There are 2 protein chains.
Amino acid sequence: MTTSRRAFLAGTAGGAGVLAIGVGAQPAGAAALTADVVVVGAGLAGLTTARRLVAAGKSVIVLEARDRVGGRTLNHAIGGGKIAEAGGEFVGPTQDRILALASEVGVGTFDAYDTGKNVYVRGSTRLLYSDTGLLGSVLGTAPPDPALLLDIATLTLQIDAAAKKVDPAKPWLAPNAVVNDAMTLETWVRQHSVNASGILQLLAPFLEALLGAEPGDVSYLATLAYVAGAGNAQTPGTLERLFNVRGGAQQSRIVGGSQIIAQKVAQALGARVVLNAPVRRITQNATGVVVEADGTTVTAAQVVVAIPPALTSRIDFDPLLPAQRDLLSQRMPMGALMKVEAIYPTPFWRSAGLTGQFLTVGGPVGYAFDNSPPDGSPGVLAGFVGGTQNLTWGSKTPADRRAGVLAQFARIFKDNRFLSPTDYFDMDWTQEEWTRGAPTAVLGPGVLTKFGTWIRQPVGRLHWAGTETADFWSGYMDGAVRSGERAAAEVLAVL
Amino acid sequence: MTTSRRAFLAGTAGGAGVLAIGVGAQPAGAAALTADVVVVGAGLAGLTTARRLVAAGKSVIVLEARDRVGGRTLNHAIGGGKIAEAGGEFVGPTQDRILALASEVGVGTFDAYDTGKNVYVRGSTRLLYSDTGLLGSVLGTAPPDPALLLDIATLTLQIDAAAKKVDPAKPWLAPNAVVNDAMTLETWVRQHSVNASGILQLLAPFLEALLGAEPGDVSYLATLAYVAGAGNAQTPGTLERLFNVRGGAQQSRIVGGSQIIAQKVAQALGARVVLNAPVRRITQNATGVVVEADGTTVTAAQVVVAIPPALTSRIDFDPLLPAQRDLLSQRMPMGALMKVEAIYPTPFWRSAGLTGQFLTVGGPVGYAFDNSPPDGSPGVLAGFVGGTQNLTWGSKTPADRRAGVLAQFARIFKDNRFLSPTDYFDMDWTQEEWTRGAPTAVLGPGVLTKFGTWIRQPVGRLHWAGTETADFWSGYMDGAVRSGERAAAEVLAVL
């Protein structure tokens with residue numbers, strides 16, 4: 001194995017041109033392909049890159065490690081031809097690029113179910129509340145916890161104001177960037193809240209769902225950058241747009257399930273997408289790149305790597321990446337997130353006047369929501385188990401986890417019908433070899449200001465895509481599409 | 001390549017016993033070896049593990065990626081048969097295990113040069129001071145900066161008191177562990193100092209040298225754990241022992257250069273150490289492990305992985321590591337550290353009454369010291385360029401870096417003889433493929449309390465060594481040796 005690998009690379013070093021590289025020198029048994037551009041990863045970022053390049057008349061090969069496309073989007077069949085989303089699923093206002101792509105491939109959206117009351121539980125406080133009406137028009141999906149109301153309002157205003165001064169593409173240039181990047185969100189909350197312990201209790205399930213992390217894990221500057229990214233070039237990002245359903249990032253869903261977008265794009269790309277081809281090594285020299293995957297080797301002029309930064313560390317680069325780029329990818333760990341879903345004959349909570357949404361302290365699920373198909377049949381209640389909850393519940397047996405989740409559903413809603421679903425599944429993204437966590441990278445203190453400039457800086461013929469490299473909606477499907485569009489433009493400019 | 005790899009693994013899955021695994025199934029051209037234990041990494045941790053196992057009568061193979069042993073220790077020839085250490089070099093009180101190993105292999109120590117005055121520069125403050133005398137007996141190597149004296153004394157006392165309550169093997173169990181792990185050291189300093197901005201200025205070069213990081217990067221709990229580790233089972237760790245020369249971690253050096261210890265251990269292990277063998281894949285099943293390196297495949301009963309946690313992510317494990325162990329290694333990035341060294345005919349600063357040590361704000365070098373051989377010939381002045389300084393200076397041309405360092409030496413010491421060394425070299429550990437930074441992993445907020453329990457927890461037949469897994473003196477040569485001794489004992493208990 002090693003000998004043939006070395007002979008192969010020795011061969012590439014002397015290659016006279018792109019097409020000459022690798023010819024007759026690929027590892028035994030590996031298919032040798034050539035293209036203008038090779039894309040690593042067939043998630044929404046990589047597929048968008050490829051789609052754009054093909055539209056511009058370029059030849060492209062997409063190498064995907066999994067036996068499927070879609071990356072962090074995944075449709076899970078729940079019977080009767082219906083699906084529930086096991087990965088990223090929501091879209092909302094200002095997420096123009098995912099919405100445009102969905103439209104282009106003929107995929108529609110529908111409103112997430114949001115009629116009725118949400119449930120909120122923190123200690124002895126239990127509230128039923130709506131994001132409509134007078135209070136709802138101010139607080140949106142945030143709970144009107146009397147002990148936290150003032151803090152919620154003032155902290156949100158302060159964060160929105162600070163985020164307005166942050167360019168999500170270059171947060172390291174923001175005012176006070178170095179100081180804000182040297183503290184955690186938890187530290188900032190403790191300094192600015194009246195009821196800090198209550199606010200931190202509330203923030204825990206929110207951050208667990210949003211990032212698979214806790215308020216003490218993330219840099220305050222990175223938090224502001226995330227908020228600043230919850231918009232687009234015309235509309236500044238706000239914290240409310242991150243946490244709201246109505247008018248926010250959880251407003252709509254994809255008809256047919258979010259993975260269908262990737263599937264349709266891949267279908268159009270046809271044989272250009274090679275599955276079961278984890279990339280092991282990327283070699284570049286003055287004349288081109290050689291990307292070696294299990295079973296396939298591609299020679300091309302440019303390469304776009306569209307996978308989570310934490311996974312880029314696991315590819316051998318020859319020559320090595322600049323040290324600072326490698327230090328960056330060492331500092332972009334994935335969040336810890338699991339999705340749990342219970343299926344019932346009907347979404348019976350709707351007739352009880354409930355949206356199905358809850359936000360609770362104590363887990364396992366921090367945030368739950370109605371994830372039923374567009375026609376409301378069957379009923380699906382889904383929830384996020386993130387951060388410390390993921391660490392606790394991810395190591396339990398599937399049976400214990402199911403029991404714990406269903407018992408919580410019944411407890412929170414005070415309705416024992418939740419104990420008896422017709423089906424249940426969960427999807428722990430930390431167990432996925434080709435994602436290693438979800439929903440996105442968690443940026444601790446010091447990373448953005450010291451290493452941030454490397455996040456999308458090309459390295460010779462090597463370009464970066466993936467939602468973590470997006471300016472707006474990094475961490476979301478929309479960010480993935482934006483990053484792919486940017487990477488494609490970047491490559492077209494040099495091809 | 002892929003085909004043979006797959007066939008090989010398919011073969012292992014059905015193997016009837018350790019010796020049967022891999023026979024006749026190794027990749028073409030790869031040597032097939034068998035042993036009781038295979039050790040990954042020939043740094044001090046891996047070599048100590050192997051030495052202990054061999055002493056217990058076990059057969060061992062050590063696979064090393066580099067063409068040399070010693071890991072983060074490296075002797076650099078400076079002519080005339082003399083060397084200067086380009087990596088870890090100091091030993092001191094309570095570092096019993098590295099001292100015992102040195103003694104066992106017949107290697108001696110000598111006092112680091114510490115006669116005369118140190119130089120300290122912070123803004124317009126320039127001090128010459130000694131770690132002897134009345135003030136020196138209290139402050140040790142810490143500078144008696146009048147504007148910071150009170151803070152230095154009180155913060156040191158507070159940190160030492162807090163560290164006494166931290167078990168360096170289990171810092172997540174310490175009082176207030178979760179709160180202390182949710183803030184950076186910078187945050188804690190801002191909350192507890194009279195002159196916080198001055199203390200942070202002083203801490204920057206100290207942390208840059210100590211960890212290759214900044215006070216805003218590291219968790220306060222991780223800082224306490226590092227301090228708690230600066231001792232042994234009999235003697236609690238203290239901050240003073242971390243920063244002092246006399247009576248501290250910089251007290252002594254190794255005759256012949258620190259790498260000689262690893263070289264002597266490796267020499268005794270002989271052909272058991274295989275160089276140029278980066279490990280790509282580790283497979284384990286009920287009967288044994290198969291470790292595939294470039295050119296060599298080893299079948300064994302147990303495996304000890306003795307490399308930095310950040311590098312463990314880059315090995316393919318089959319079955320996958322538990323998700324939480326992978327999430328931990330995603331969260332243990334290496335520090336950014338470079339060593340720069342200028343060689344002069346003599347250590348001329350000594351006759352001027354200077355130790356050669358300086359601590360300065362502003363870089364490139366934060367902390368410098370006399371690194372001359374035991375006989376003081378030639379003179380070697382060495383310095384650390386870490387953290388943000390590393391990022392700035394690591395991307396300059398070698399000529400610019402040399403000029404910047406020498407100009408700083410001359411400026412700080414007010415002596416232009418520093419501008420004209422007979423030789424100069426620097427070693428940027430971030431550029432090293434098989435280390436990816438130095439001196440050790442940087443623990444940001446949230447890592448120890450959420451993922452810390454995984455740091456040395458075996459995974460089936462897989463055990464962990466490396467200085468990052470040590471209880472005492474993690475990050476130091478002594479920690480590496482301790483970790484190897486612990487891993488060897490762990491393996492012997494199950495062999």
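Biologist: How many residues of chain B are in contact with chain A?

Modeller: This is a predicted model, in which local features need pLDDT of at least 70 and side-chain atom pairs count only at pLDDT 80 or more, while totals for chains, interfaces and linings use all residues. Residues are numbered from 1 along each chain as its sequence is written, chains are lettered from A in the order in which they are written, and side-chain values use heavy atoms, without hydrogens and water. With contact taken as heavy atoms within 4.5 Å, chain A contributes 54 residues and chain B contributes 54.

Biologist: Which residue of chain B forms a salt bridge with A:Arg280?

Modeller: A salt bridge is a side-chain nitrogen of Lys or Arg within 4 Å of a carboxyl oxygen of Asp or Glu. The rule finds 8 of them across the interface of chain B and chain A. For A:Arg280 the closest N and O atoms are 2.6 Å apart, and the partner is B:Asp316.

Biologist: How many charged residues has the side of chain B that touches chain A?

Modeller: Asp, Glu, Lys and Arg count as charged; Ala, Val, Leu, Ile, Met, Phe, Trp, Tyr, Cys and Pro as nonpolar; the others, Gly among them, as polar. That side of chain B has 18 nonpolar and 19 polar residues, and the charged ones number 17.
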